[in-house]
Amino acid sequence: MYKRYLTLIPVVALLTLSTAHADSLIQGLNRVDNSIDKVQNTIHGTQNSIRNGQNKVDNTQRAISEIQDGTYVEKRVEKKVSNQKRKAVNGVINKSTNAIRKATYVY
C-alpha cells in the first residue's frame, strides 16, 4: 500500500506541473491574441483614415471641376432640394406609421 502512494505522488506532481504549464501557455496565447487584435484595429483605423482622406480629395476635385463648368451652385441646390424632399417623405411615413401603431395598440 505504501508503494502505491509513492508511485502516485510523482503522477500527481506531474499532472499539477502540466496543468500549471498549460495555464501559462493559455495566458501567453491570450496575450498574443490581444496583441494581434490591437494591430488589426490599428491597421483598420489607418485604412479608414486613408479612405476618408481620399474621399475628401475626390470631393474637392469634383467641386473644383463643377465650379469650372459653372454647375456647382446648380448641383448643390438640386442636392439640397432632394434631401429636403427625402426628409419630408420620411417624416410623413414615420408619422403615419406611428399613428397606425397607436391606433392598433391594445391596452
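**Figure 1. Burial and overall make-up of the predicted model.** Of the 107 residues of the protein, 3% count as buried, where buried means under 20% relative accessible area, exposed means over 50%, and partly exposed lies in between (1.4 Å probe, protein chains only). The protein exposes about 9800 Å², of which carbon and sulfur atoms supply 62%; accessible areas come from the Shrake-Rupley method with a 1.4 Å probe, and for residues only the protein chains shown count as cover. The secondary structure comes to two helices and zero strands, with helices (H or I, at least four residues) and strands (E, at least two) taken as DSSP runs and numbered from the N terminus. This is a predicted model, in which local features need pLDDT of at least 70 and side-chain atom pairs count only at pLDDT 80 or more, whereas totals for chains, interfaces and linings use all residues. Residues are numbered from 1 along each chain as its sequence is written, and side-chain values use heavy atoms, with hydrogens and water left out.

**Figure 2. Close-up of the salt bridge between R62 and E66 in helix α1.** The structure holds three salt bridges, a salt bridge being a side-chain nitrogen of Lys or Arg within 4 Å of a carboxyl oxygen of Asp or Glu. In the pair shown here, the closest N and O atoms of R62 and E66 are 3.8 Å apart. Because R62 and E66 are four residues apart in helix α1 (residues 2-69), they are separated by about one helical turn. R62 counts as partly exposed, at 38% relative accessibility, whereas E66 counts as buried, at 6%.

**Figure 3. Close-up of E66 and its partners K75 and R76.** The side chain of E66 meets that of K75 in a salt bridge with an N to O distance of 3.8 Å, and the side chains of E66 and R76 meet in another at 2.5 Å, again N to O. E66 lies in helix α1 and R76 in helix α2, so this pair ties together parts that are ten residues apart in sequence. Through shared partners, the salt bridges join R62, E66, K75 and R76 into one network. As for accessibility, K75 counts as partly exposed at 38%, and R76 is likewise partly exposed, with a relative accessible area of 26%. Leaving aside its neighbours within four places in sequence, E66 is in contact (heavy atoms within 4.5 Å) with T71, Y72, K75 and R76. Side chains of opposite charge can pair when their charged atoms come close.

**Figure 4. Close-up of the nonpolar surface patch.** I67, Y72, V73, V77 and V81 form this patch on the surface, and together they have about 440 Å² of accessible area. Patches are made of residues with over 30% relative accessible area and no salt bridge, like charges being joined within 9 Å and nonpolar side chains (Val, Leu, Ile, Met, Phe, Trp, Tyr) within 5 Å. Helix α2 (residues 72-104) contributes the largest share of the patch, four residues.

Figure 5. The C-alpha atoms of V73 and A63, which are ten residues apart along the chain, are separated by 9.8 Å.
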